[in-house]
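Hi everyone, thanks for coming.

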Amino acid sequence: MIRSLLVLVAMLAICATAAFSQVATTSTLDGVVTDPQKAAVAGADVLVSNVNNGQTFKATTDGRGYWLLPSMSAGVYKVSVAMKVFRTLLIENVKIDAGVA
């Protein structure tokens, strides 16, 4: 059986929300990964890299395709989402403004 290579559509609804405190210094980054038919993709690897200092963070999607990285510092990041039968998706220039209301 030939495996067809589907384009991974990451409905990354990338949300950067300020942490709960008076003066927030971090934010949460999360999203949902779906395939072209809008079905959740469980087990996808999410890698988030700070473009200024090279610091990386890893997450794996759950059964709903959801992933979460708490306590992200302000900065500019690139997000890649990978899973075997899909093409890797790269989203660049994801900006997190921690502490901004």
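**A walk through the strands**

Let's start with Lys38, which sits in the loop between β3 and β4. When I say strand, I mean a DSSP run of E with at least two residues, while a helix is a run of H or I with at least four, and both are numbered from the N terminus. Lys38 has a phi near 70°, which is positive even though this residue isn't a glycine. As a bit of background, most residues other than glycine have a negative phi. Lys38 is also exposed, at 56% relative accessibility. Exposed here means over 50% relative accessible area, buried means under 20%, and partly exposed is in between, using a 1.4 Å probe and protein chains only.

Before I go on, a word on what you're looking at: this is a predicted model, where local features need pLDDT of at least 70 and side-chain atom pairs count only at pLDDT 80 or more, though totals for chains, interfaces and linings use all residues. Residues are numbered from 1 along each chain as its sequence is written, and side-chain values use heavy atoms, with hydrogens and water left out.

Okay, the overall picture. The protein exposes about 6,300 Å², and carbon and sulfur atoms supply 56% of that; the areas come from the Shrake-Rupley method with a 1.4 Å probe, and for residues only the protein chains shown count as cover. Now take contacts, meaning heavy atoms within 4.5 Å. Among those between residues at least 6 apart in sequence, 53% join residues at least 24 apart.

Next, the sheet. There's an open sheet of four strands in the order β5-β4-β7-β9, with antiparallel pairing. β5 and β9 are the edge strands, each pairing on one side only. On average, neighbouring strands of this sheet are turned by 20° against each other, ignoring direction; the axes are lines fitted to C-alpha atoms, for helices over the stretch in contact, and angles run from 0 to 180 degrees between N-to-C directions. Two strands count as paired if DSSP finds at least two bridges between them. β7 and β9 run antiparallel and are joined by six bridges, and Val79 stands opposite Ile91 in β9.

While we're in β9, have a look at Asn93, which is found in that strand. Asn93 is another non-glycine with a positive phi, about 60°, and it's exposed, with a relative accessible area of 66%.

Over in β4 we have Leu47 and Ser49. Is Ser49 buried or exposed? Ser49 is buried, at 11% relative accessible area. Leaving aside neighbours within four places in sequence, Ser49 is in contact with Gln55, Thr56, Val76, Tyr77 and Lys78. Leu47 counts as partly exposed at 30%. Leu47 and Val81 are 34 residues apart in sequence, but 6.5 Å apart in space, C-alpha to C-alpha.

Then there's strand β3, residues 26–32, which is mostly covered: six of its seven residues are buried. Six bridges join β3 to β6, and the two run antiparallel. Asp30 stands opposite Leu68 in β6.

Now the inside. A nonpolar core is a set of buried Ala, Val, Leu, Ile, Met, Phe, Trp, Tyr and Cys residues joined through side-chain atoms within 4.5 Å. The largest one has 17 residues, and Leu29, Val48, Trp67, Met72 and Val79 have the most contacts inside it. β4, β5, β6, β7 and β9 each supply at least two residues of this core.

Last stop, charges. How many salt bridges does the structure hold? Two, where a salt bridge is a side-chain nitrogen of Lys or Arg within 4 Å of a carboxyl oxygen of Asp or Glu. One joins Asp62 and Arg64, at 3.0 Å from N to O; Asp62 is partly exposed at 28%, and Arg64 is exposed at 57%. The other joins Lys95 and Asp97, at 3.8 Å, with Lys95 exposed at 57% and Asp97 partly exposed at 40%.
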